[in-house]
Each structure stands twice: as C-alpha cells, then as structure tokens.
Amino acid sequence: MKNPFTSIIGIAFLTLLSPTNQAQEKPPEIEIKLAKSADEFLILPLKIYRLKAADVPDVDSRQLTDPDIHRILIKVNTVWAAAGIYWKLESIENVNAENLSRLKLLGLADAPDTQKKPHLAFRDVIPESTRKDYPGYQVYYIHDFDVNGVYFGRREAMVKETAALRPVEGGIDEPIPRVTSHELGHGLGLPHRQDRLNLMASGTTGTLLNTAEIAIARELAAKNPACMKYNELQKKMSLETNPSKKKTALDALKAIETIGNKSIHPVRSSMDAEIISPGETK
Ligand SMILES: [Zn+2]
C-alpha cells in the first residue's frame, strides 16, 4: 500500500507573552516539534491495568472508566507524537492487587492525604501474573499515593487516578495523561529536566520534549523487541486473521496517519485529541 504521507516534520515557534514583563523583555520563543510523518513512527505496545482492592481504598482504582482510559491514551499519544512514538493500546484490564498485607500492616493503605504513603511500597501490589514475558510497557492505575506517578523500571509505571498538577502556559488540560506520558518518558530513558514546560519536569502540566530527549527516547524505543515501525504494523495488520487484533492494529495505523497528517503539536490536548480517536471509523 502506498503511504500517503510525505515528510512533514516541521518546527513552529510559539511566542509566549509574559504578562508581567512583556514591555521590557523580548518574549521567549518556545520550539514546538510537530508530529512526524506516519512512516517515521515507532510503535510500542502498552497494556493498561486498573488495580482493584476492595478493602484497600488507596490501591483500589475506581474512578477511571474505559472511555476515560481511551481518552487518556489519545492525549498520551498526542504528547508523544512529537517524538514520533505511538503507544499502541493492547488491553485494558481490571486486576486484583497482591501482597496487600504489608501496606495494611504499615497502616499506609488508607492513611489520610496528609500522611506519607511511600509509593515504593506500592510496587509489591502489582500482580506477578501481569509480568510474564511481556516486552511492551504496562501502566497500573491506583487510587492514591504520595506522588502522582512512579516508574518502577522493567517497563512498569504506576499512576494515581487522583493526580494533580501545577498548570503552566500551553500545558495539557488534564493531569492523568500528563503523568502517564511523564512516567513513560522515564521508561524511555529520560531523566527529570526541571524546565516547567517540559514533559520531564516534576509536577507541572508541561508536555514539551527537546531534540536530545526525542533522540534518547527513540533510540530506546527502537531497541525494544516489540517495537514496530509503521510499515511493519501495516504488514502485520494485513496478515492478521484474528478480527480483534486486526482492528487494534488498524485503529493504531489510522491514529498514526491522523497524527502525521495533521501535524499537531503536543501542547494543546483536548482539541487535538478529538482528531485522533483510535476508536473512530471514518
Ligand atoms: Zn518523574
């Protein structure tokens, strides 16, 4: 099949005016990378889990519906389009949290928000059965802990459904997609960079990535054995006989084509998100 896209990598400049000193200083120019063309995308598989724990309210993810998760993933992919990386949703599952006794013993599981709930103690609640030989990435949603999210290594991230962020100009309009994108950034080898507009800044709504970060993330993505390029997914989709896997692949291809075609930039989210819904059939 002929790929309908020509290379449309581009750079736009967004001029931000500071309300306090615009008369005195030249406003800063912020470089915004546009989405890469479809055939440049690196596609990584992603599984989403809602951790369930009826008697441990802080673990028990109970706010996020499937449509919420689809919306979140559209926004995550809008952010990562700047790097030409696409997270292909493999599944959304509810799974029972494990090893809850330690959290209960520590009295951390339902401690009030003012008390510390060390996020590292939450690593143990990930069900071992979800870890079997999976080369893709996995995000576990829980209700609450002492950080917005954490990347545990081994392509595992945990994000709380009650995440809250400090808004910055041009930032994303919803915390969970930003926190999810940020933790996946750690999963692609990125450390923190405390430029508040940056995706890797702590606790802000910023979503920008710089050229060096994009290069690091793409290099690591390309090394993942489950990583596919656009044309590889296209081929896999055409040979796929399982209808549901075929649809997942087709949805991902359509979403990537739309991202490539529209050349969206990563800092606006809700408007952009509407145009790349993977569930949409045209
Ligand atoms: Zn971080």
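1. Let me start with Arg-178, which is buried because 28 other C-beta atoms lie within 10 Å of its own, and 20 or more is what it takes to be called buried. Please keep in mind that this is a predicted model. Arg-178 belongs to helix H3. Leaving aside residues up to four places away in sequence, Arg-178 touches Leu-165, Ile-172, Thr-205 and Thr-207. Ala-163 sits 15 residues from Arg-178 in sequence, and the two C-alpha atoms are 9.5 Å apart in space.

2. Staying with H3, its packing against H1 deserves a look. Helix H1 covers residues 66–80 and helix H3 covers residues 175–187; they pack at an angle of about 50°, and their axes are 9 Å apart. The two helices are therefore oblique to each other. As for handedness, H1 and H3 make a right-handed crossing. On the H1 side the contact is formed by Ile-72, Lys-75, Val-76, Val-79 and Trp-80, and on the H3 side by Ile-176, Pro-177, Thr-180 and Ser-181. By class, the residues of this contact are six nonpolar, two polar and one charged.

3. H1 itself passes a simple length check. Its 15 residues should span 21 Å at 1.5 Å a residue, and the C-alpha atoms at its ends are 21 Å apart, so the two agree. Buried residues in H1 are Arg-71, Ile-72, Leu-73, Ile-74, Lys-75, Val-76, Asn-77, Thr-78, Val-79 and Trp-80.

4. The protein has seven helices and eight strands. Of its 282 residues, 42% are buried. Taking the contacts with a separation of 6 or more, 68% are between residues 24 or more positions apart.

5. Most residues other than glycine have a negative phi. Asp-133, however, has a positive phi, near 45°. Where is Asp-133 found? Asp-133 is in the loop between helix H2 (100–106) and strand S5 (137–142). Asp-133 counts as exposed because it has 4 C-beta neighbours inside 10 Å.

6. Arg-154 is placed in the loop between strand S6 (149–153) and strand S7 (156–160). With 12 C-beta neighbours inside 10 Å, Arg-154 counts as exposed; the cut-off for exposed is 12 or fewer. If you are looking at these two residues on screen, the loops named above are where to find them.

7. Next come some pairs that are separated along the chain. Gly-170 is in the loop between S7 and H3, and its 18 other C-beta atoms within 10 Å make it partly exposed. Gly-170 and Leu-197 are 27 residues apart along the chain, with 7.8 Å between their C-alpha atoms. Val-147 lies in the loop between S5 and S6 and counts as partly exposed, with 17 C-beta neighbours inside 10 Å. Its C-alpha atom is 9.4 Å from that of Ala-164, 17 residues apart along the chain.

8. Finally, is Lys-245 buried or partly exposed? Lys-245 is partly exposed, because 13 other C-beta atoms lie within 10 Å. This lysine is found in helix H6, residues 243–262. Lys-245 and Glu-90 are 155 residues apart in sequence, yet their C-alpha atoms are 8.6 Å apart in space.

Terms used:
Residues numbered from 1 in each chain as written. Predicted model: local features only at pLDDT ≥ 70, side-chain atom pairs only at ≥ 80, totals over all residues. Axes fitted to C-alpha atoms, helices over the stretch in contact; angles between N-to-C directions. Helix = DSSP H or I, 4+ residues; strand = E, 2+ residues; numbered from the N terminus. Parallel < 35°, antiparallel > 145°, perpendicular 65-115°, else oblique. Left-handed = near helix turned anticlockwise from the far one by under 90°. Contact = placed C-beta atoms within 7 Å. Nonpolar A, V, L, I, M, F, W, Y, C, P; charged D, E, K, R; others polar. Expected span 1.5 Å × (residues − 1).
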